Amino acid sequence: MSATAPVISAKNVWKLFGASPEAYLKSMPAGRSFDEIRTDGYIAGVKDVSIEVDRGEMLVIMGLSGSGKSTLVRCFSRLHDITGGTIEVDGQNIMSLSERDLIELRRNKMGMVFQSFGLLPHRTVLDNVAFPLEMRGQDRHDRRERALEVIKLVGLEGREEYFPRELSGGQQQRVGIARSLAIEPDIWFLDEPFSALDPLIRREMQDEFLRLQEMLGKTIVFITHDFDEALRLADRIAIMRNGAVEQCDTPDQIVMNPSTEYVAKFTEDIDKARVVHAKGLAKPVNGHALEGAPINGGATIHELARVLVNDNRILLPVADDKGVVTGVLERDTALNVLLGAE
Amino acid sequence: MVTLSTDLTETSDKPWGRSRVLTALLAVAFALILAKAVGILPEWLNRIPEAAIPPTAQVLDAIFSFIQNDLGLIYVTRFIAEGPLEFLLDTSANLLEGKRRWPYLGPIPWSAIAAVAAVVGYAVGGWKLAALGAGTFIWTAAIGQWKIAMQTMSVIVVAAPLAFLLGLALGIAAWKYGWFERMLKPILSILQTLPFFTYLLPAVIFFKVGPTAGAVATITFAIPPMILMTTLGLKKVSPEVIEAGQMSGCTRWQMLRHVYIPAARTEILVGVNQVIMLCLAMVVLTAFIGMPGLGAKLLAMMGSFKLGRSFEIGITIVLLAVTLDRMSKAWVVKQPVHFERNTPWWKRHQISLVALGLFIGFILLSQLFPILAEVGRKQHLSQGKEIDVVIKSFLAIEAIKGTTEWLRWFLNVKVLIPFRDTLLAIPTPAFILIVVAFAYWVGGRRPGIYAAVFFTIVAFSGWWDRSVITLYTVISAVALATLIGIPLGVIAARSERWSKSILLACDTAQTFPSFIYLIPAIMLFGVNDVAVVFSILIFAAVPLIRYTIIGLSSVPPEMTEAADMSGSTRRQKLMSVQFPLALPTMAVGFNQAIMFAFFMVIIAAFIGTQDLGQELQRTLAGTELGKNFVLGLNVSLMALTFDMAISSWTEQRKKRLGLD
């Protein structure tokens, strides 16, 4: 992308579960499939994954249960030790870290939110949120102040003295989010944070999450099994199946150009007009004659529906948010997307 | 003979592949019995000849004395006994019963203790438990048993926390290190089936007579469940909570201290409850090595047939048991509740302050009114003699007397003695083969092999006849308990109200120290075999009833509804839907009944039996550590045989039914 190095860089990462995975991986012939590995008595949690996460980017890892998405994120945070390949966080190979350094890394750079919240039942909201600060030895006064700050940020003011079981699911997850943010992490892992919540609350929490992200601009790895959620939140989506990444791309690309049949199945029922942006559909200018006012590249085709239908130009100039023209959009193509015709 | 042969055809009719092995085992057993009946069986096949029995007890004695004297273990244990342990026991004894030792403060007035018990009860479980706590201690003081009750309590308050700490530490170690757990598991299952008397003698030898030995034996007995609950709780901590801890940057120690142990709180507290209850049950039994307290008094009163006083002491013990049990269980389920911000300090600690206030208040009051400090000899309300008269006159009523005497005669002459003589007549190898066949039939190959090994060891221990008598008592009592308990459970399970109240009664009865069950048995039947069987019977019937109700009521409603909609009668529903599904749970109850019976049969030696328990009790008077150990191990091995067979059956069955 740019000169800044990726925050997380995974190369050929393998995570095998079984009796002696390292030895097996070494002796395994290349190109063995998930099922073949399984008949050998091993489960490929993560199968030869190479992926990068850029600073400030939100990567959503999408997959059904058992696809290896949770395993992959646990490899990033070294909750699992990987079997093969390398993972670098800020240029540092995390497999080479000592226990001490790993603890330091987690205490200062990483935050994680869990599907079933993972709150400590015997601690109040305040003490749960302050927990990571307490672990790194911050003094009582400091950590209380910081904890109150994040509690306010997630909108739980006035509940500081409650115990987790006295809160609703949505509120508990807010505690989980607050806890993961307490140490001001650079990298934020969210493992299906909203899956255990009711649909209405889930929607509300997604909005809340987008608001937080806009404010904080963290590097995020977000896991979900919900394709709509992925489309809604992601800068890029990685779709996983049987431990391997099927496709990793922007939502627009995934919807418009699914690279495998498996990915295509997910995109089938999606209203593409609501996902695809004008800039995603645009082609390079390449000497086309442009006339008239440009349209906003950041808007979805659905949002541009009225313009597309009423305008009679064949080619529409597309501009980025600074008003600079970056490409052209064929009106017909856009109308096809809008009408659901291929 | 005839029944045996029909048994044979029945088992071989079963459509299982193991029928051939079973046939072979039983055929050999049958042939041996037949040979003995005809009189052609050589004596060495009937009983193992004296000469072939290895001198296990002597060898063990030599080993023990080597460890004790040559390795100097006795100095270590004696140091612990006379040093820290005795110090703790003396301190608690001074505070509770006024023994003249450091810190020379006691005894604490009974009224102050009762008041604190009430506040603690209120804190964990509201007014009901407050009343129970206060009531128990008021009763104990009023009935004139304060001092002996406090002698018992002073050991418990030392033994229970120590057992808790040791159990917690060992439990954590077992959870942390797989090899340690694998090593510990078999030891724990032996420890849990070893009769209590086997703990007593080594305790006396290594830790000197008196409260220290009692405390050591009690602690040892109470540790295993604490270990098991700790490991269980730690293993059950949700993986996300663990990961949350790791992602918060916890070090190993922080993980354990701030994440694992608090998250396993429930299981650990259940362990605490079990520790307390076992301590109470065991401290009462230390009466057999002459420890003063409620147990000793009860033993003396029963020995001299003073039923009224025994009855009163029994009530005290039961009340103490129920109070300790209810309070510790209430603590298990009690969840923290938050205070609003800016709640003043005194309000946050309101309950502790009230307890402290009442404690000091009653101590001061008792200076003014001595009756609040101690209920004197002439002031107490004991009605021992009067109750004695009532009980005796009740038992003397013609109808009652007729019934109990007939029962006694019937059971003794028609059931128990013939059964015992039959068992004793079976040649040793045949007996072992039958037991192996049973274990194999019920539990499969592994339990069968263990049965063979275990019973062969018993045969070579030199105490075969006594072991058979022990087994006979257990089998008869459990059989009778099954005949009574299962129908009772089935009837109770029909209505929700009934099952609830009977379950409550069973749960309460299970908290009573086993000793208590001897009281009604002696009252009704006097001192003989029937009383032994009867006391075991009621003790063993409790888990049977309990698990029958639990098993039947946990059958999923959609299954009984399906049966109803298929037009089955109540009987059909019970026989073909509820029973098959409840059977694994009921088997757990059956297993527990057998374990309880093995436990009780040894205690019942007090009434006068001719089994292992009697011999064990005799060893307590001397120093025959080896013999004591062999006897205890015999009981343990027999109990383990049944435990393994039934547990393995339960597991297979559950798997096949797709339960848990």
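Predicted model: local features only at pLDDT ≥ 70, side-chain atom pairs only at ≥ 80, totals over all residues.

Trainee: Where should I begin with chain A, and how many helices and strands does chain A have?

Mentor: Begin with the inventory and the overall dimensions: chain A has 14 helices and 13 strands, and its C-alpha atoms fill a box of roughly 65 × 60 × 40 Å along the principal axes. A compact globule of 342 residues would have a radius of gyration near 20 Å, and the 23 Å of chain A agrees with that. Of the 342 residues in chain A, 42% are buried, and among its contacts with a separation of 6 or more, 67% join residues 24 or more positions apart.

Trainee: How do I read a strand such as β8(A), and which of its residues are buried on each side?

Mentor: In a regular strand the side chains alternate between the two faces of the sheet. In strand β8 of chain A, residues 219–224, six of the six residues are buried, and both faces are covered, with Thr219(A), Val221(A) and Ile223(A) on one side and Ile220(A), Phe222(A) and Thr224(A) on the other.

Trainee: Which residue of β8(A) is the bridge partner of Val60(A)?

Mentor: That partner is Phe222(A), and Phe222(A) is also the bridge partner of Leu190(A). Strand β3(A), residues 58–62, runs parallel to β8(A) and is joined to it by five bridges, while β7(A), residues 187–191, likewise runs parallel to β8(A) and is joined to it by five bridges.

Trainee: What is the strand order in the open sheet of four strands in chain A?

Mentor: The order is β2-β1-β4-β5, with antiparallel pairing. Because β2(A), residues 43–53, and β5(A), residues 92–93, stand at the edges with a single partner strand each, one side of each is left without a neighbour in the sheet. Helix α3(A), residues 69–76, packs on this sheet, touching β1, β2 and β4 of chain A, and its direction makes about 60° with that of β2(A). Within the sheet, β1(A), residues 8–17, and β4(A), residues 84–89, pair in the antiparallel sense over five bridges, and Trp14(A) has Gly84(A) as its bridge partner in β4(A).

Trainee: How should I judge a helix such as α14(B), and how many of its ten residues are buried?

Mentor: An α-helix has 3.6 residues a turn, so residues three or four places apart point the same way. In helix α14 of chain B, residues 294–303, eight of the ten residues are buried, so the helix is largely enclosed by the rest of the structure. The buried residues include Leu294(B), Leu298(B), Met301(B) and Met302(B), and also Lys297(B). What covers them includes α7 (146–176), α13 (265–285), α15 (307–333) and α24 (518–525) of chain B. Just after the helix, Phe305(B) takes a positive phi of about 60°.

Trainee: How many residues of chain B are in contact with chain A?

Mentor: There are 22 residues of chain B in contact with 25 residues of chain A. On the chain B side, the elements that give two or more residues are α11(B), residues 239–247, and α12(B), residues 252–263, and the largest share, six residues, comes from α11(B). By class, that side has nine nonpolar, eight polar and five charged residues.

Notes. Residues numbered from 1 in each chain as written. Chains lettered and ligands numbered in written order. Buried ≥ 20, exposed ≤ 12 C-beta atoms within 10 Å, placed from the backbone. Pairing = 2+ DSSP bridges. Contact = placed C-beta atoms within 7 Å. Nonpolar A, V, L, I, M, F, W, Y, C, P; charged D, E, K, R; others polar. Axes fitted to C-alpha atoms, helices over the stretch in contact; angles between N-to-C directions. Rg over C-alpha atoms; globule rule 2.2 N^0.38 Å.
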